[in-house]
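Please look over the sequence and the structure below before reading on. The briefing that follows is grouped by topic and keeps to computed values.

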Amino acid sequence: MTLNPLDVPPNPSEPFQPRSGQRGSGFLTGPHRLGTTPSATVGPYLAIGLTWPDGVFAAEEGTPGGFWLRGKVVDGAGAVVPDAMVETWQADPDGGFASPEDPRGAASYPGFRGYARAQTLSGEFEIYTLKPGRVPDGEGGLQAPHIDVSIFARGILDRVVTRIYFADEAEANAEDAVLRGLSEEQRRTLVAEPSEDGYRFDVYLQGERETVFFAV
């Protein structure tokens, strides 16, 4: 009869310590293999555990001016990433932030909370939001309307950060200090195009069409 090294005998006469499950103990008989642990990658754990049912709503559905922002996350091989998490943070239509850290003071806009989280389990992410207003650029000017975006995905040990600008804000985009510092090809990777019910923005993690990411 083979004994389980983890079993404790009934009424032992002296303190008993079960044998560890190391090779040679009879517990692990196959070759020892090291697999990927949750600490070695951020996907798919974040997409599963850190999103919530109404997390896609930066604004309440039906809020005047609300629209859907949809897109996909694509890896360097051109494949859609099915377990990424997309997090957005933005100003409200008046250019205010719902945060006490805003030096102008925390803003409050009816039906709007300023952030959202979505996953790509369906192949795409979608977020319901409002067009952000322009905010100061710290140099005496104004930034173009934009949404800050963090992407978490398999193979990425830290988030990557980008921005979403809007194709129908050409005049404001031309004045934006960030966009002015990029080439035309780079700027195109940050611009969402109008769609039937909002805007479309795809994120390319690597490759020829790689989205511009920012060091933050």
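## Briefing on the predicted model

With a relative accessible area of 1%, Ala59 is buried. This residue belongs to a predicted model, and its place in that model is the loop between helix 1 (45–49) and strand 1 (67–71).

**Overall organisation**

- The protein has four helices and ten strands, and along the sequence these follow the pattern α-β-β-β-β-β-β-β-α-α-α-β-β-β.
- Of its 216 residues, 36% count as buried, while the protein exposes about 12900 Å², of which carbon and sulfur atoms supply 51%.
- When contacts between residues at least 6 apart in sequence are considered, 64% of them join residues at least 24 apart.

- Ala59 and Phe112 are 53 residues apart in sequence, yet their C-alpha atoms are 4.3 Å apart in space.
- Not counting residues up to four places away in sequence, Ala59 touches Gly111, Phe112, Tyr128, Thr129 and Leu130.
- Thr88 is placed in strand 3, and it counts as buried because its relative accessibility is 3%, where the limit for that class is under 20%.
- With residues up to four places away in sequence again left out, Thr88 touches Gly114, Tyr115, Ala116, Ile127, Ile147, Asp148 and Val149.

- Arg113 lies in the loop between strand 3 and strand 4, and its relative accessibility of 25% makes it partly exposed.
- The side chain of Arg113 reaches the backbone oxygen of Phe57 at 2.9 Å; beyond its neighbours within four places in sequence, Arg113 is in contact with Trp52, Asp54, Gly55, Phe57, Ala58, Trp89 and Ala98.
- Pro136 is found in the loop between strand 5 (125–129) and strand 6, and with a relative accessible area of 44% it is partly exposed.
- Leaving aside neighbours within four places in sequence, Pro136 is in contact with Arg104, Gly141, Leu142 and Gln143, and its C-alpha atom is separated by 8.8 Å from that of Gly95, which is 41 residues away along the chain.

**The largest pocket**

- The largest pocket holds about 360 Å³ of space and is lined by 15 residues, among which Arg188, Thr189, Asp202, Tyr204 and Arg209 lie nearest its centre.
- Helix 4 (184–188) and strand 8 (191–195) each supply at least two residues of this lining, and helix 4 gives the most, with three residues.
- By class, the lining of the largest pocket is made up of eight charged, four nonpolar and three polar residues.

**The second largest pocket**

- The second largest pocket has a volume of about 240 Å³, and of the 14 residues that line it, Trp89, Asp148, Val149, Ser150 and Arg159 are the closest to its centre.
- Strand 3 (85–90), strand 4 (115–119), strand 6 (147–152) and strand 7 (160–166) are the elements that give two or more residues to the lining of the second largest pocket.
- The residues lining the second largest pocket divide into six nonpolar, five charged and three polar.

**The enclosed cavity**

- Rolling a probe the size of a water molecule over the atoms shows where empty space is left.
- A search of the whole structure finds one cavity of 30 Å³ or more, and the largest cavity contains about 50 Å³ of space.
- The largest cavity is lined by Trp89, Gln90, Ala91, Phe97, Pro132, Gly133, Val135, Ala144, Pro145, His146, Ile147 and Asp148, with strand 3 and strand 6 each supplying at least two residues.
- By class, this cavity lining has eight nonpolar, three polar and one charged residues.
- Trp89 and Asp148 line the largest cavity, and both are also among the residues closest to the centre of the second largest pocket.

Technical notes:
Residues numbered from 1 in each chain as written. Predicted model: local features only at pLDDT ≥ 70, side-chain atom pairs only at ≥ 80, totals over all residues. Heavy atoms only, no water. Buried < 20%, exposed > 50% of the residue type's maximum accessible area, 1.4 Å probe, protein only. Contact = heavy atoms within 4.5 Å. Areas by Shrake-Rupley, 256 points an atom, 1.4 Å probe, with all protein chains shown as cover. 1 Å grid on protein atoms, 1.4 Å probe; cavity = no way out; pocket = protein on both sides within 12 Å on 5 of 7 lines; lining within 4 Å. Points joined across faces, edges and corners; volume = space filled by probe spheres on them. Nonpolar A, V, L, I, M, F, W, Y, C, P; charged D, E, K, R; others polar. Polar contact = N/O pair within 3.5 Å; in protein donor to acceptor, adjacent residues only side chain to side chain.
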